[in-house]
Amino acid sequence: MGSRVMTEPAFFVLTALVDEPRHGYGILRVAEELSAGRVRLKVGTLYGVLDRLVAEGLVELDHEEAYQGRLRRYYRLTEPGVDALEAEAARLASNVESARERLRARSRRPSTAEGTA
Amino acid sequence: MSLLEERYRRVLRLLPASYRAEREEEMVSAFLEGVGDGEEPADEDLARPNWSEIASVAALAMRVRLGGVGAPPERFVWGEGVRLAARLGLLFHAVLGCVSAGGLLRLYGVLGSPPAAGLAPEDIIGTAGSVERLRHLAESAPVVAWVAAYALLVYGHRRAAKVLAVLALLPMIFRLAIDVGTVVGAAPSLADQGRMQIRTDVPYVLLAVVPVLALLAGYHRDAPAARRPPRFFVVPAVAGALAAVALGVVMATPGLGPGIRPWIDPGGLFYLLLLVVGAAYTGVHIFAAGRRSPCWPLALLLLLIPAVFTRIAAFFSYSYDPTAGVGTAMLLIQIAAALPAGLLLVVLAAPMMRRLPSPDPPPGYGADGGSRG
């Protein structure tokens with residue numbers, strides 16, 4: 001994704017495609033599950049994200065099929081997509097570790113509540 | 001086809017036809033599968049896409065039509081035209097902001113001496129610490145907001161620029177809403193006066209709304225990141241100082257008469273800016289073919305619309321003023337000149353737009369765009 005920080009919807013779309021190719025609604029559903037219901041992408045938003053990811057070569061069309069008379073297009077993660085997701089996951093993990101480290105240090109510190117009250 | 005599907009397809013018409021040709025079926029499929037996992041509401045009349053779905057399609061349509069990085073050339077040119085209109089519009093308001101800021105600094109005694117004519121500064125801005133002083137400061141805030149919005153935009157902070165531009169716009173909208181409210185509940189004689197006030201105000205609100213809408217629509221996530229050189233920051237200040245001096249000279253020059261008035265109100269100044277920029281671009285177009293760009297005529301055309309509305313509104317308000325005289329004729333000339341100016345811009349832009357290749361399908365969907373099953 002260039003030098004820009006990956007957006008949360010793009011992160012969840014890439015994560016949804018890690019295990020297998022998925023179609024539009026499949027991506028929406030998995031993104032919602034992965035985020036414990038917090039990220040509920042709208043169809044217009046999903047296709048905006050997919051356009052960008054396909055243009056950047058992080059995602060590509062896998063195949064298409066007809067399901068109950070409707071078109072389903074399946075997308076898969078590319079190798080650059082895997083690399084980008086790994087880099088973003090490492091960045092987020094590093095942020096989480098920094099926060100945890102500081103919280104651990106805080107819990108080890110003797111309480112100063114009385115002194116500051 | 002169910003009513004829900006029909007309605008969703010109607011919403012998708014916001015998207016360009018070439019985009020829809022490739023994406024409509026899978027978007028409809030994803031949408032319908034998402035509605036209660038395929039179960040549509042029992043009452044067909046209630047079955048309609050919710051507002052957040054419509055908003056997401058509208059945002060996608062805007063991003064596709066006003067292309068950014070990686071967009072097809074035609075859509076990129078439209079996007080750049082709208083972004084240029086936003087920058088020019090914001091620059092204009094920032095210059096006016098600098099002129100007003102200079103006046104405020106003089107009024108507060110920070111810069112030079114307070115204006116000699118008229119009321120004492122305390123009669124206008126109140127004494128230090130008074131409610132009047134606070135209210136005057138609050139009312140003056142939009143002046144700073146326009147300047148800050150322009151500076152943030154050229155420095156690449158789009159989100160902050162958008163927030164400040166909207167904040168700068170809000171007081172104008174608020175005043176207009178109050179005027180409308182007054183007309184609704186007023187006696188017939190006062191209502192007529194109020195309606196005239198609204199007719200005068202709307203074009204000036206439009207003058208601010210159009211650049212702000214262009215900013216909100218054109219500077220989406222895919223818009224090219226451009227941090228302008230530092231000289232762009234001083235443009236409003238220098239242009240504001242020059243404009244303040246020029247306005248001072250014009251207003252102090254005896255014998256210029258009412259014919260100059262239509263050029264020195266905000267709408268007239270904006271119109272003048274468009275004429276100057278348009279003439280400069282026409283010169284470039286004729287004498288420097290390598291620097292031609294359809295973005296300039298597109299941006300100027302977009303901004304010409306609110307500018308002409310201000311001239312029409314001014315014409316109607318002048319028609320009530322018996323001393324307007326030559327000013328009314330000058331306004332007619334301004335309104336009449338807009339048509340050839342607009343036509344010239346169309347003539348300059350159209351051949352360049354025609355030469356641009358038509359938009360391809362969305363990335364990854366062309367003949368070689370992935371393996372179709």
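Trainee: How many residues are in helix H4 of chain A, and how far does it reach?
Mentor: Helix H4 of chain A, residues 79–108, has 30 residues. From its first C-alpha to its last it reaches 43 Å, close to the 44 Å expected at 1.5 Å a residue. Keep in mind that this is a predicted model.

Trainee: Got it. Which residues in H4(A) are buried?
Mentor: A:Gly81, A:Ala84, A:Leu85 and A:Glu88 are buried there.

Trainee: And what covers the buried residues of H4(A)?
Mentor: The cover includes helix H1 (8–16) and strand S3 (70–77), both of chain A.

Trainee: Since H1(A) came up, at what angle does it pack with H2(A)?
Mentor: H1(A) and helix H2 of chain A, residues 24–34, pack at about 110°, and their axes are 9 Å apart. Angles of 65 to 115 degrees count as roughly perpendicular, so that is how H1(A) and H2(A) lie to each other.

Trainee: Which residues make the contact?
Mentor: H1(A) brings A:Phe12, A:Val13, A:Thr15 and A:Ala16, and H2(A) brings A:Ile27, A:Val30, A:Ala31 and A:Leu34. These residues of the contact divide into seven nonpolar, one polar and no charged.

Trainee: Let's switch to chain B. How far does H4(B) reach?
Mentor: H4(B) has 35 residues and reaches 50 Å from first C-alpha to last, close to the 51 Å expected at 1.5 Å a residue. Just after H4(B), B:Gly109 takes a positive phi of about 75°.

Trainee: How do H4(B) and H12(B) cross?
Mentor: The axes of H4(B), residues 73–107, and H12(B), residues 295–318, come within 8 Å and cross at roughly 55°. The two helices are therefore oblique to each other, and their crossing is right-handed.

Trainee: Which residues make that contact?
Mentor: From H4(B), they include B:Val77, B:Trp78, B:Glu80 and B:Gly81. From H12(B), B:Cys295, B:Trp296 and B:Leu298 are among them. The residues of this contact divide into 13 nonpolar, two polar and one charged.

Trainee: One more residue: is B:Tyr150 buried or exposed?
Mentor: B:Tyr150 is buried, because its relative accessible area is 4% and the cut-off for buried is under 20%. B:Tyr150 lies in helix H6 of chain B, residues 131–154.

Trainee: What does B:Tyr150 touch, leaving out residues up to four places away in sequence?
Mentor: With those left out, B:Tyr150 touches B:Arg87, B:Leu90, B:Leu91, B:Ala94, B:Phe232, B:Val235 and B:Pro236.

Trainee: And how far apart are B:Tyr150 and B:Val95?
Mentor: They are 55 residues apart in sequence and 9.6 Å apart in space, C-alpha to C-alpha.

Notes. Residues are numbered from 1 along each chain as its sequence is written. Chains are lettered from A and ligands numbered from 1 in the order in which they are written. This is a predicted model: local features need pLDDT of at least 70, side-chain atom pairs count only at pLDDT 80 or more; totals for chains, interfaces and linings use all residues. Side-chain values use heavy atoms; hydrogens and water are left out. Helices (H or I, at least four residues) and strands (E, at least two) are DSSP runs, numbered from the N terminus. Buried means under 20% relative accessible area, exposed over 50%, partly exposed in between (1.4 Å probe, protein chains only). Contact means heavy atoms within 4.5 Å. The expected span of a helix is 1.5 Å times one less than its number of residues. Axes are lines fitted to C-alpha atoms, for helices over the stretch in contact, and angles run from 0 to 180 degrees between N-to-C directions. Angles under 35 degrees count as roughly parallel, over 145 as roughly antiparallel, 65 to 115 as roughly perpendicular and the rest as oblique. A crossing is left-handed if the near helix is turned anticlockwise from the far one by less than a right angle, and right-handed if clockwise. Ala, Val, Leu, Ile, Met, Phe, Trp, Tyr, Cys and Pro count as nonpolar, Asp, Glu, Lys and Arg as charged, and the others, Gly among them, as polar.
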